[in-house]
Amino acid sequence: MNGDWMRLAVVGHTNTGKTSLLRTLTRDADFGEVSARPATTREVQSARLLVEGRVLVELFDTPGLEDPIALLEWLDDAAGERRRSDGVERVRQFLASPLAAGRFQQEAKVLAQLLRSDAALYVIDSRDPVLAKHRDELQLLALCATPVLPVLNFLRDPAARPSGWNEVLGRAGLHAQVRFDSVAPERAAERQLYQALALMLPSFAEPLQQLLAARQLAAEQQRRAGWRLIAEALVELAVLRVRPPGADQGARAMALQQLQQRAREREQRLVDDLLGLYRFNRGSVDNQELPLRGGRWGVDLFDPAAARLFAARLGGGAAAGAAAGVAVDLAFAGITLGAAALTGALLGGGVQTARRYGRRLWGQWRGQPELRLDPDSLTLLLCRADYLLRALEARGHGAVAPIPPGSSSLALPPLLRAVAERPEWSERPDSPERERAVAELGEQLAVAHAAVGAN
Amino acid sequence: MSAAGRAETAPPVLPLWQRLWLAEWLRRQEERGQRRDDRALVAALRPLRLGDQEAILRRAEGLLGADEQASVARARHGWPLLLALTAGLAIVAGVASAAAALAGPQPVNLAWSVAVLLGLPTLSLMLWALACGRRGGRAGLSRWGGLLGWSLPAAQRQDGLQALLGVLRRPGLAFWSFSLVSHLLWAVLLLAALLGLALLLSLRQYDFVWETTLLPVALLSRALAWLAALPGWLGGVAVDPAPLLAGGTDSPELRRAWALWLLQLVAALGLLPRLLLAALAGLLWRRRLARVGLDLAAPYYLAVLRRLQPDSEQVAKADAEGRVPNFSLAGERPGGRGRWLLGLELADQEPWPPEGWSAPAGPLLDSREQRRAALQTLQAQPPARLLVAVDARRSPDRSCLATLADLAACGGPLAVWLLHAELAGERSLLWREQLLQAGLPAARIIDRLAAAAAWWQEGE
């Protein structure tokens with residue numbers, strides 16, 4: 001018991017999702033073991049919440065209180081002998097008794113941890129009916145005289161019945177409570193939890209504030225990194241060109257398929273990257289109310305249905321349900337090579353760039369135009385990525401599910417159009433200039449995204 | 001472990017830009033899939049509580065191979081020699097330009113001398129100013145930092161060079177360092193020209209004219225006035241242009257005055273701007289160097305930071321694994337009388353007796369008092385058959401199992417009726433597992449009304 005951080009015991013009846021809550025609070029998807037099997041957590045495990053390497057809060061995961069009725073009975077009988085002793089005293093007597101190492105071993109661990117903690121989070125599965133054992137559980141907690149904050153879990157479930165719980169918690173004198181859903185937590189729930197704790201324990205208000213601020217900052221960084229990933233995919237696909245091996249229709253179709261396949265694969269990699277960024281395992285995605293199944297979009301990028309889903313936000317042909325696809329790259333006919341790009345090419349790129357341009361121009365003259373993705377496909381990819389990022393941010397927030405019709409369109413930023421005229425970048429993914437363009441595009445998108453979200 | 005030890009003990013010895021170079025180099029390698037095993041290093045770095053960037057830089061220094069480290073360290077060593085060689089060339093060029101300015105048939109045309117001495121430097125200055133104003137030009141110029149990369153072995157050039165360019169490029173560092181070096185070299189060249197000029201003017205006698213064939217004379221005289229403006233403003237000697245324009249310098253005083261005029265012109269219009277710009281470039285370069293840093297918004301660095309400064313850490317188990325007590329439901333005492341249907345831990349909304357049940361039903365057990373009363377009754381009159389209904393949607397916990405064990409110990413065979421087993425999914429399986437583990441025969445785990453009624457009938 002050294003250190004000056006806040007100690008929080010996470011207690012509750014068995015199988016109410018304590019470990020899930022801990023996983024959410026620690027951002028550690030591998031914390032403890034979670035299973036539907038009761039009493040998976042057989043011993044006290046703890047997790048420290050860190051900010052810049054400093055411990056601010058330590059959370060103790062406890063085994064479930066499984067037999068509160070029998071234990072309370074024992075404690076009441078023991079009190080008969082020493083009526084005067086207070087709750088804490090009686091709990092200490094129990095912990096010293098042989099029963100604490102025997103039949104009530106699990107309960108003893110929980111109570112001992114409660115006595116050592118500054119506060120307790122009492123996790124409730126709000127789908128459970130209120131039973132006598134729950135009431136006894138609350139009495140046991142009250143005996144330890146540790147401040148208790150009830151956390152109502154699984155409120156999203158249709159079977160949830162929070163009213164009965166509100167009543168019994170109120171009777172136990174626990175009027176402050178936090179609503180949480182450890183499977184699909186709302187961003188705000190975590191903040192409410194820490195704020196409620198700060199109100200309950202003013203001496204820890206400052207570290208809790210720090211923790212909140214750090215978590216908010218981290219969320220913002222995560223969001224910006226997400227947009228950077230999206231920008232990277234957009235740039236990679238915007239500069240992509242495929243030249244048909246011949247001039248006939250078959251060759252053209254082959255090149256088209258190749259281009260679409262590259263786009264599909266890149267989008268999948270983007271999805272994987274975003275899931276990784278938000279610390280989702282592919283396996284854990286399905287039950288998180290995300291628009292993915294098995295970590296994949298259900299509808300193919302080039303399926304007209306995909307475009308129709310985002311029709312309000314797309315312009316032109318895609319909105320009409322036409323398959324987004326491929327455009328012939330005419331841009332290179334020397335028209336759009338901007339003065340800046342030219343200067344850069346002459347001053348810096350030198351011979352290599354000039355040679356590449358020359359080869360492309362030669363191809364144009366010989367009637368072998370290169371193919372590239374049309375802006376509609378890129379816009380659609382952007383819309384889908386935007387949608388996924390929002391879903392990941394809210395982690396299944398209810399408001400994400402339907403796409404509001406007529407929501408402001410997410411047009412391709414002008415910068416991306418300029419970037420698309422640098423096909424030579426497709427061969428130089430690590431060139432500092434391209435990386436800089438990606439960073440800038442990511443920032444622009446993040447700003448635009450925040451603006452859209454604020455509407 | 002050696003990597004971890006290195007990172008812990010070695011203080012940062014390289015200048016910041018080279019450490020950034022290393023970090024960017026590692027990023028390029030790791031982003032291409034060459035992930036390193038950094039567990040030991042990360043474990044060593046975590047407790048040091050370094051800042052974001054510092055932690056990343058230390059990690060890169062600990063993880064990058066010796067080859068890369070050596071290359072980065074070496075990149076600095078070639079510099080002084082290269083600079084000295086270039087400066088030597090600049091001196092030679094300066095002296096040569098002084099000689100060229102005064103060469104040719106006597107008398108020397110001052111207009112020619114001025115053009116030779118200041119023409120090229122002014123042209124390059126204009127080009128530099130152009131690049132300064134244009135982003136594209138600056139971007140192109142920034143590649144000059146790639147010169148450093150030429151010292152890299154061919155195998156490292158791909159990642160190493162790009163990484164260096166990335167570091168130098170970001171805040172205009174390369175442009176200003178290029179500006180500093182180029183202005184300094186021009187200053188050296190002009191200084192050499194000035195000294196060479198002074199030497200030649202001291203050792204030989206030159207006559208000066210200011211002449212033209214094609215251009216109007218008025219233009220020449222105006223040019224003279226313009227050229228003299230800055231030196232004059234700085235306090236240089238003022239010379240009356242009339243005799244020079246009239247025919248030349250025939251007196252020693254005039255020759256001397258015009259020689260001095262030429263020297264101060266080179267100093268004021270050539271050397272001075274270069275020195276000032278070199279100072280400015282140096283200042284800006286230093287300032288940008290102080291601001292240079294990693295792009296921590298990049299997803300790669302975010303991922304690295306999550307390893308170096310995790311949001312949370314797990315602490316070893318505080319308790320040894322406990323043994324969970326077992327309950328026995330196998331106990332069966334013959335000789336009991338009567339049959340009981342009991343409900344254990346059922347919700348208030350639950351209909352009791354269960355729908356479709358026609359036989360008489362016993363009490364519900366939830367609170368301590370109810371349990372105690374039922375146990376007392378059953379112990380006093382042991383039953384022949386006990387059917388206990390539980391809600392399969394709830395978790396089977398030890399409180400339930402302990403109560404079931406107490407009940408089973410009272411009398412005849414006990415069966416458990418899992419209500420709503422069809423809705424309970426995985427939990428109904430858990431009930432089965434736990435009950436079997438407690439010794440209840442599978443035949444006495446019932447999940448349908450018909451089966452419950454049948455088991456009840458058997459007892460008659």
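How many helices and how many strands does chain A have? Chain A has 15 helices and 10 strands. Please bear in mind throughout that this is a predicted model.

Let me stay with chain A for a moment. Of its 455 residues, 55% count as buried. Its accessible surface is about 19,100 Å², and carbon and sulfur atoms hold 53% of that area. If we take the contacts in chain A with a separation of 6 or more, 75% of them join residues 24 or more positions apart.

Chain B can be described in the corresponding terms. There are 19 helices and 8 strands in this chain. Chain B contains 460 residues, and 48% of them are buried. Among the contacts in chain B with a separation of 6 or more, residues 24 or more positions apart account for 79%.

I turn now to a helix pair in chain B. Helix 7 of chain B covers residues 110-133 and helix 10 of chain B covers residues 173-203; their axes lie 11 Å apart, at an angle of about 170 degrees. Angles over 145 degrees count as roughly antiparallel, and the two helices are therefore roughly antiparallel to each other. Which residues meet here? From helix 7 of chain B they include B:Leu117, B:Leu120, B:Pro121 and B:Trp128, and from helix 10 of chain B they include B:Phe175, B:Trp176, B:His183 and B:Trp186. By class, this contact has 13 nonpolar residues, 3 polar residues and no charged ones.

My last topic is the nonpolar cores. The largest nonpolar core has 46 residues, and those with the most contacts inside it are A:Ile230, A:Leu234, A:Leu270, A:Leu274, A:Leu378 and A:Leu416. Elements giving two or more residues to this core include helix 9 (249-277), helix 13 (375-394) and helix 15 (432-454) of chain A, as well as strand 10 (371-373) of chain A. The largest share, 10 residues, comes from helix 8 of chain A.

What is A:Leu378 in contact with, leaving aside its neighbours within four places in sequence? The residues are A:Leu234, A:Leu237, A:Ala238, A:Leu373, A:Leu412 and A:Leu416.

Thank you for your attention.

Key
Residues are numbered from 1 along each chain as its sequence is written. Chains are lettered from A and ligands numbered from 1 in the order in which they are written. This is a predicted model: local features need pLDDT of at least 70, side-chain atom pairs count only at pLDDT 80 or more; totals for chains, interfaces and linings use all residues. Side-chain values use heavy atoms; hydrogens and water are left out. Helices (H or I, at least four residues) and strands (E, at least two) are DSSP runs, numbered from the N terminus. Buried means under 20% relative accessible area, exposed over 50%, partly exposed in between (1.4 Å probe, protein chains only). Contact means heavy atoms within 4.5 Å. Accessible areas come from the Shrake-Rupley method with a 1.4 Å probe; for residues, only the protein chains shown count as cover. Axes are lines fitted to C-alpha atoms, for helices over the stretch in contact, and angles run from 0 to 180 degrees between N-to-C directions. Angles under 35 degrees count as roughly parallel, over 145 as roughly antiparallel, 65 to 115 as roughly perpendicular and the rest as oblique. Ala, Val, Leu, Ile, Met, Phe, Trp, Tyr, Cys and Pro count as nonpolar, Asp, Glu, Lys and Arg as charged, and the others, Gly among them, as polar. A nonpolar core is a set of buried Ala, Val, Leu, Ile, Met, Phe, Trp, Tyr and Cys residues joined through side-chain atoms within 4.5 Å.
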